[in-house]
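This briefing is meant for someone meeting the structure for the first time. Please look over the sequence and the model before reading on.

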Amino acid sequence: MSLIETRKLTKRYPGVVALDAVDFDLAEGEVHVLFGENGAGKSTLISMLAGAKAPTSGDILLNGQPVAFASVADAQAKGIYTVFQEFSLIPTLTVAQNIFLGWEPCRGPFVDHRAMRRRAAGMLGELGFDIDPNAVVAGLSRAQQQMVEITKAFHGDLKVLILDEPTASLTDREVDHLFKFVLSLKRRGIGIVYISHRIQEFIRIADRITVLRDGAKVGTVPMADTDDAALVEMMTGRAIDEIYPRIDAAPGAEVLKVEGLRSKGLHSASFTLRAGEVLGVAGLVGSGKSRLFRTIMGLLPRHGGRVELLGNDISDASTAQIITSGLYYLSPDRKAEGLDLAKTSNDNLGLNLVMGDKLGKGGWFVNWGAVRRETQAISDHVELQPSYRTKPVSQLSGGNQQKVLFGKCFGQNAEVYIFDEPTVGVDMGTRSALYLLIKELAEAGKAVVVISSDLPEVLNLANRILVMAQGRLSAELTGADMTEEQVLRFFFDESGAVV
Amino acid sequence: MTSEVKRNGAVHALRTVFVRVGVLPFFLVGALVIFTALSSKFLTGQNLVNVARQSVYLVLVSMGQMLVLISGGFDLSVGTAIALTSVVSALGMVWAAGIFPDAVWIAILIGTFMGFGAALMVGLVNGLGVAFFNVSPFIMTLGVSSVGAGFALFLTGGVPVSGLPFAFADTFGFGRLWGVPVPVLVALACIVLMWLFMSRTRLGTQVYAVGGNIKAAHLSAINTRRTLTLAYVICALIASLTGLLLTARVESGEANLGGSIALESIAACVIAGVSLRGGIGRVENVVLGAFFIALLQNGMNLAQVSSYMQMVLLGSLLILAVIFDQLRYRLILSGD
């Protein structure tokens, strides 16, 4: 019998069906992965299992009995605990206080702090988490905070643990630890729903995988019977070669030269970049692949080494100077540091035209007529629908926001384009459009860098790949060596620099 | 049914005006209706010209305040910049007039530049603190306003500085050019310059960008620290100009000038649709917002509302405007 099961579970919002008649079941001691793109319905499904939202129609069965959760607390009382991406921890309180928040052991009217600390230490120890119960949560790493969050699940009789993108910001070692822990829960008969879009990671622990697309279930397959190409095809509805364009890379003159670059968590990186090539940069979260390029851009303090752009030393230049001298960096976080959300797409694109050199350099005054014309040309180029151009960017979908972000890099004539996670949270249709823009830049003779946690993206776009592990360049792969196995081998490389 | 459609249409139109311009049109219409009903003298050409002249000082300061608000901060020290300018310029003029008794205009010029210099320091300290040391604008400008006010009182011992050259007050306090009071002309020139700056120059665009999303601005090749500093410096210099005009008006250097102008200028901006989150605001609306505050004070005077109750009303109005600003920002982000 299934631990928890859904029958024709449906969630409708005015004008949208977020989840359409999905059947799902979880057995005791099973790791069941929910896989799909952003907006596929994964979050909607788990928010109903977690008790955060009520279904429009359909049933949830717990141990074969229909249940309705009144709230998240109600679901928790029935043994279903969800660790969301946004933790429910109070940063200023201690670990023990957080674990017992709302459950404080009391002596008379007063909280019994000593008992609380003792029991918290006991719970942490039992789960194998090495965390001081007296530590303040704000001072913990993201992985440790996640452990505290998980520990909170063990107040009652835990039956189902739901983990929403749990590895999103963990380092590889922390991921290993998390997976060991998940396997130990499995042995205790606890069912685990695991939401992720990282195939390379979840193949290590998954028993079955349910793929969702556009709110509907595509299918459920045992991990043993499938592979990542098949899963991607299920997720996107297209074969891989329909998504990625063929890029005719023609590496020319050297444009960027990095020598012994060091920063916090980045150990002496050296590489060169040529015009007309696409350099892929792969690595796990925390491997330093983003940090390397943020250091080059002057966004992180440089502790040593030098950076040359077209023969000029730009090691000490400010970010603004670096961008102006021809290095464009596309941020991985369009909301926090990419776009001004309250402004329209036109305003956002206009800013880069005002600052860039496409409409002539410098000058005090802005030629708004020229900016308007060029904004329109860029919007056409990135295929942003006319009706979206005058709306605040916050109202656009993730895919369209990313098109605006891409449009910003056409505001100037850069020599090097660094795309940091260029398609994060973007649907497949938009992805292939964005890949065509990358192809166009590379074939126009620009040097392009694609930093991505999405391995197929790196493998299919790049003509040369740098792999990073633990703050070092662990490999440089070209030609026939550019395979998933090779890259993965260097993901976990402990030996250090190879290049 | 048609009347319902019409009503929905009207609500929709009002909503559009609210999202585009903010709360100002509604407040303005409300004030006009109420004060016209309360006093027959209110809606006369003579009175409105009067209000226009009285509003000059607030219009100027509000434009500086707007610049800082759009950059994502705010400036509580505008009153101090005014007081410091008044005291320093007056002391400077008196001192210089003693040295060059025959060259009144040189003395005035020296005093003026000393006043600007003092305000420049205020603006620079604010800007450096906010941009380079990441002090919150609230604490930074609050602290500076205490420091500046202390200096102004220290320099004068709390006694107004008198004995300014007559030409100064005659020209900048009470003078007219082509029949228009000089302060009004100065304000008009400033409005035009400010409008050009905000809407036509690259620097103005940068101020909007920094307030809208400072990280995105940084990644768009903007020197965000310089831009922030510039906003505080320009704000202080405009306040300084206002301080000079006020000094000429009262014919002495006074450390208590500009006491309530920080609150009034923030109120004028917020009512005029400048977002407290930064990135949003227009010069022409702010001018109208400052005019509205002056109109309100004038109307309340005519309606014989006591000055104490005026303070109560102004504070309440500011809070109300901020509440509406929250609502408006949510409407902008979410769309209809």
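The model is a predicted one. In chain A, six strands form an open sheet with mixed pairing, in the order β18-β19-β20-β15-β21-β22. Chain A also touches chain B, in a contact that takes 27 residues from chain A and 22 residues from chain B.

**The sheet of chain A**

- At the edges of the sheet stand β18 (327-330) and β22 (472-478) of chain A, each of which pairs on one side only.
- From one strand to the next, the twist of this sheet averages 20 degrees.
- Strand β21 of chain A, residues 464-469, pairs with β22(A) in the antiparallel sense, over six bridges, and A:Val467 has A:Ala475 in β22(A) as its bridge partner.

**Helices on the sheet**

- Helix α10 of chain A, residues 289-296, lies across β15 (278-282), β18, β19 (416-420), β20 (447-451) and β21 of chain A, and it runs at about 140 degrees to β20(A).
- Helix α18 of chain A, residues 484-491, packs on the sheet as well, where it touches β15, β21 and β22 of chain A, with a direction that makes about 30 degrees with that of β21(A).

- On the side of chain B that touches chain A, at least two residues each are supplied by α9 (202-212), α10 (214-218) and α14 (307-334) of chain B.
- Sorted by class, that side of chain B has ten polar, nine nonpolar and three charged residues.

Definitions and conventions: Residues numbered from 1 in each chain as written. Chains lettered and ligands numbered in written order. Predicted model: local features only at pLDDT ≥ 70, side-chain atom pairs only at ≥ 80, totals over all residues. Pairing = 2+ DSSP bridges. Helix = DSSP H or I, 4+ residues; strand = E, 2+ residues; numbered from the N terminus. Axes fitted to C-alpha atoms, helices over the stretch in contact; angles between N-to-C directions. Contact = placed C-beta atoms within 7 Å. Nonpolar A, V, L, I, M, F, W, Y, C, P; charged D, E, K, R; others polar.
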